[in-house]
Amino acid sequence: MDPTDLQPIHHCDSTRIAASPGEVYDVVSDITRTGEWSVVCRSAEWADPEQTGLGAKFVGHNQTPHRVWSTTSTVVAAEPGEHFAWEVSRGYTRWGYRMSAVDGGTELVHEWAFLPAGQRFFERKYGADAQSEMEERTRSAHESIPRTLAAIKAILEG
């Protein structure tokens, strides 16, 4: 893999929710509730509970059938009613939500990107297995995003 040729690997999906963009934002930006809807992140807490906006850090505790791990993330977008996003570790992946008002509520888009820094990290960490590891993470994002959106919709429309 030529590091200069790396491009982010993206995936997103969306759903409509019968709630205002502000109500949706209040839920998805409360990272302490992430375990209620995430397929992989079982819980999360703010590094400093007094700082929860742009630049704030939080620790997410993750679990799959094959492993358990924690990551530190940094909030990179915090626009109430519009956009909430974070980058994992040193900009390895970016996850986020975008909200827009539509008739009857909000269109919620859940976004994921495997960033070049993460791809380079996987090259160093996994060597010859890096490509298959990246494909596994991509497959996981494709599978988990619709499930996460469905769970958030159920919470808000409950």
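Q: What is the N to O distance in the salt bridge where the side chains of Arg139 and Glu136 meet?
A: This is a predicted model. Side chains of opposite charge can pair when their charged atoms come close. Here the side chains of Arg139 and Glu136 meet in a salt bridge, with an N to O distance of 2.3 Å.

Q: In which helix do Arg139 and Glu136 both lie?
A: An α-helix has 3.6 residues a turn, so residues three or four places apart point the same way. Arg139 and Glu136 are 3 residues apart, about one turn of the helix. Both belong to residues 130-157, helix α3.

Q: How many residues apart in sequence are the parts that the pair Arg16 and Glu107 ties together?
A: Arg16 forms a salt bridge with Glu107, and their closest N and O atoms are 3.0 Å apart. Arg16 lies in strand β1 (residues 9-17), while Glu107 lies in strand β7 (residues 105-114). The pair therefore ties together parts whose separation in sequence is 91 residues.

Q: Is Glu107 buried or exposed?
A: The cut-off for buried is under 20% relative accessible area. Glu107 has a relative accessible area of 18%. Glu107 is therefore buried.

Q: What is the relative accessible area of Glu87?
A: The side chains of Glu87 and Arg94 meet in a salt bridge at 3.4 Å, N to O. Arg94 is partly exposed, with a relative accessible area of 27%. Glu87 is partly exposed too, and its relative accessible area is 21%.

Q: How many salt bridges does the structure hold?
A: Arg94 with Glu87 is one of them. Arg16 with Glu107 is another. The structure holds 8.

Q: Within what arc do the buried residues of α2 fall, seen down its axis?
A: Helix α2 spans residues 116-126, and its buried residues are Pro116, Gly118, Gln119 and Phe122. They line one face of the helix, because the arc they fall within is 160°.

Q: Which residue follows α2, with a positive phi?
A: Helix α2 covers residues 116-126. The residue that follows has a positive phi, near 55°, and is Gly127.

Key:
Residues are numbered from 1 along each chain as its sequence is written. This is a predicted model: local features need pLDDT of at least 70, side-chain atom pairs count only at pLDDT 80 or more; totals for chains, interfaces and linings use all residues. Side-chain values use heavy atoms; hydrogens and water are left out. A salt bridge is a side-chain nitrogen of Lys or Arg within 4 Å of a carboxyl oxygen of Asp or Glu. Helices (H or I, at least four residues) and strands (E, at least two) are DSSP runs, numbered from the N terminus. Buried means under 20% relative accessible area, exposed over 50%, partly exposed in between (1.4 Å probe, protein chains only). The arc is that of the directions from the helix axis to the C-beta atoms.
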